[in-house]
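Here are my notes for your first look at this entry. Keep the structure open as you read.

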Amino acid sequence: MNVTITEEGAKALVKLEGRLDTTNADQFQKDIQPLMTGSHAEIDMDCSDMEYTSSQGLRMFLMLQKTVSARGAKLVLRNMKPHVKEVFDITGFSHIITIL
Amino acid sequence: MSLKKNFASRLSLYVVLFAAGLMVVVSLMLGIFSSSAIRNISRRMAESQLDRAILEIEQVITEVERAVDNLDWVVEQHLDNEEFLYKVTREIVAANPNIIGSAIAFEPGFYKGRKYFSPYTYIGDQTHEIHTIQMGNENYDYPILDWYQIPKLLEKPYWSDPYFDDGGGGQAMSTYSMPLRDADGHIFGIITADISLAWLSRWMSGIKPYANSYSMLVGRNGSFIAHPDSSKVLNETIFTVAMELADTTAFDIGKAMLAGKKGMQRFVDKGQDSFMVYGPISNGWSMGIVNLYADIFRHVRHFNMFLAALLFLGTIAMFIGCRRTIGQLTMPIVEFSNSAMTMAKGNFKAVIPEVETKDELMKLRNSLSYMQQSINEYIVELKSTTASNERYESELNIARDIQMSMLPKDFPERDDLSLFAMVQPAKEVGGDLYDFHVVGDVVFFLVGDVSGKGVPASLFMAIARAAFRFIGALGLPMHEVMRRVNDCLCDGNTNGMFVTIFAGRLDLKTGRLDYCNAGHNPIVVIGPDGKASYLKAKPNLAAGLFEDFPYEDETLQLERGTRLVLYTDGVTEAERADKQQYGEDRLLEWAGRQNPQTASNLVAADLFNQVKHFTKGADQNDDITIMSVLLK
């Protein structure tokens, strides 16, 4: 999983590429650490090139969502591929994370 | 001793080859210079042998000459005493063993009325008796013979070429002739002394510096005066002999001898490599000594052989010496190798031999020693790591047993129900779970999947399973069961762990199914007609995330013969090596092929095998759980 973070003022633009599975979930957690500890008012994730996410990956998104909500900021996931979106739908994560 | 296998031998060989090469070059140069010096010495020796021989023959000749020289005044004073003249010739022959005949030959008409007058004394060839005669007569017209005519014309003493005398001596001879002069210097006769060529040849045969040498005397015209082969004397010249020899240098030798030159020449004499030294004798003859080339230059040959033997033995001695020294020097390498091999065989305490030199060998020894120390330290570490790994493994195995024992194994096989479930964790312990219990005619069942894998997931799974056991048995509506379990799991869940669950309660009498889905994969429903479809269920939200989430349950009326297949994403997301997933389409296709009558355990096993067949031995990356519930 490739994570690219670009900052645009208070907004963080994030590009996600590849698969998020058990083998690289720990790395992903480190990659998104700046977003957890940062003070961005809005985090905009482009998921158009994300191929897969495991349940552990879902947990990462959930943790990020909880942290971001706690500081009153906003997290948005965009352009998710249908089969990836399905995982979010099945598990009910679509209810708690904004997916556009 | 294989050179390829023995370093010391190989090194010795290289050293010796190099040194031997140097030695050969030095020896060659030494040999060339020394041979040349020895060759010169040999030539000088041959030359001095010739000089000595010439000196000896000249002594003989001088003795002969002296016997008749200065006799002219004696003859002149006794011209009128014929008897005395006869006596003179007798005494010359008697007093000189080398002289076999002597004559005083007068000019024709010197004595009035006598054409010939020549007192002559000779030793008979066969009888060895002394005879004195007057030899001049019509048949022996001595004034025209060489021995008389030539010295008279030259007006000086003369040694004749060899000839066979038939005037009295009757044998091959050479004659020394000296003119007799009167007071006015007129020649009135010739006085002679003969020497026997047979005797000369015998005498000459004593001149042989080496066993195979022979000597010869050659006259002014090249005829042999003395030769070991007596048949050659008188009959052959040095040129007729040279013609018989294939080597033309013999001609050159003959020419040089006739020219009165002194020299030496190598040539092939009757097939033998020979070396001839020759030089002039005072009376105009030439003397030659023929030696075998090998005899003359034997010192050169001996020297060369000695040098070659020295070189050969020296090389061998050097090789043995080098081999031994290098062998001793490299012995530690062999010993190190043995130590290393001992270590390689597992004895890491092998003794590494000490070395006293502070060179590369010491470095090698230190490296070996350091390696041994490192290996021993590493082994200690490895033992401890292995022990601790074994402990973890054994603990994990125990944990697995505990986890597996949490899952019920007494599957109900009733007239109205066939239920079976199986779990295959990806690691020792997993995060998947299932549960069921039958109370009267109602069966409660669920399949769950905790996020992640391994120990963290297994602990959360244990909590989830305990919560369901307790809450599921209370007989509450399904949405209430899920709500309470969710609340239970949210309590203290700071890590964001969650579990997706599909839980259902089936009334076996009526076929009414109440179910609640907490973010789990859609289950498969196979109707009595064999048609399979995914059950549309509200996703709600995975459990453990948000407290008080309003879960909603749903109801479905099942016909008898309907089968529910519950599973976790370990089935649909099972991956092949090419990252292709088993997927929901293949699962549905599989479900469509199932016979509605088949017992649940067979159906579950079949699906598991299908998945395994699909992944073709690729590593299982997620826990797999399959449950089949058949309403009969």
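How do α9(B) and α10(B) run relative to each other: roughly parallel or roughly antiparallel? Keep in mind that this is a predicted model.

1. Start with the two helices. Helix α9 of chain B covers residues 298-344, and helix α10 of chain B covers residues 360-406. Their axes come within 11 Å and cross at roughly 10 degrees. Angles under 35 degrees count as roughly parallel, so α9(B) and α10(B) are roughly parallel to each other.

2. Now see what touches. α9(B) brings P332(B), F336(B), S339(B), A340(B) and M343(B). α10(B) answers with L361(B), L364(B), R365(B), L368(B) and Q372(B). By class, the residues of this contact are seven nonpolar, two polar and one charged.

3. Turn to the sheet in chain B. Five strands form an open, antiparallel sheet in the order β9-β8-β12-β11-β10. β9 (224-226) and β10 (263-269) of chain B each have a single partner strand, so one side of each lacks a neighbour in the sheet. From one strand to the next, the twist averages 35 degrees.

4. Look at one pair. β8 (residues 214-218) and β12 (residues 286-292) of chain B pair over five bridges. Y214(B) stands opposite V290(B) in β12(B).

5. Helices pack on this sheet. Helix α1 (residues 7-68) of chain B touches β8, β10, β11 and β12 of chain B. Helix α5 (residues 197-205) of chain B touches β8 and β9 of chain B. The direction of α5 makes about 65 degrees with that of β9(B).

6. Last, the chain contact. Chain A gives 14 residues and chain B gives 17. On the chain A side, α3(A) gives the most, with seven residues. That side has five nonpolar, six polar and three charged residues.

Definitions and conventions. Residues are numbered from 1 along each chain as its sequence is written. Chains are lettered from A and ligands numbered from 1 in the order in which they are written. This is a predicted model: local features need pLDDT of at least 70, side-chain atom pairs count only at pLDDT 80 or more; totals for chains, interfaces and linings use all residues. Axes are lines fitted to C-alpha atoms, for helices over the stretch in contact, and angles run from 0 to 180 degrees between N-to-C directions. Helices (H or I, at least four residues) and strands (E, at least two) are DSSP runs, numbered from the N terminus. Angles under 35 degrees count as roughly parallel, over 145 as roughly antiparallel, 65 to 115 as roughly perpendicular and the rest as oblique. Two residues are in contact if their C-beta atoms, placed from the backbone, lie within 7 Å. Ala, Val, Leu, Ile, Met, Phe, Trp, Tyr, Cys and Pro count as nonpolar, Asp, Glu, Lys and Arg as charged, and the others, Gly among them, as polar. Two strands pair if DSSP finds at least two bridges between them.
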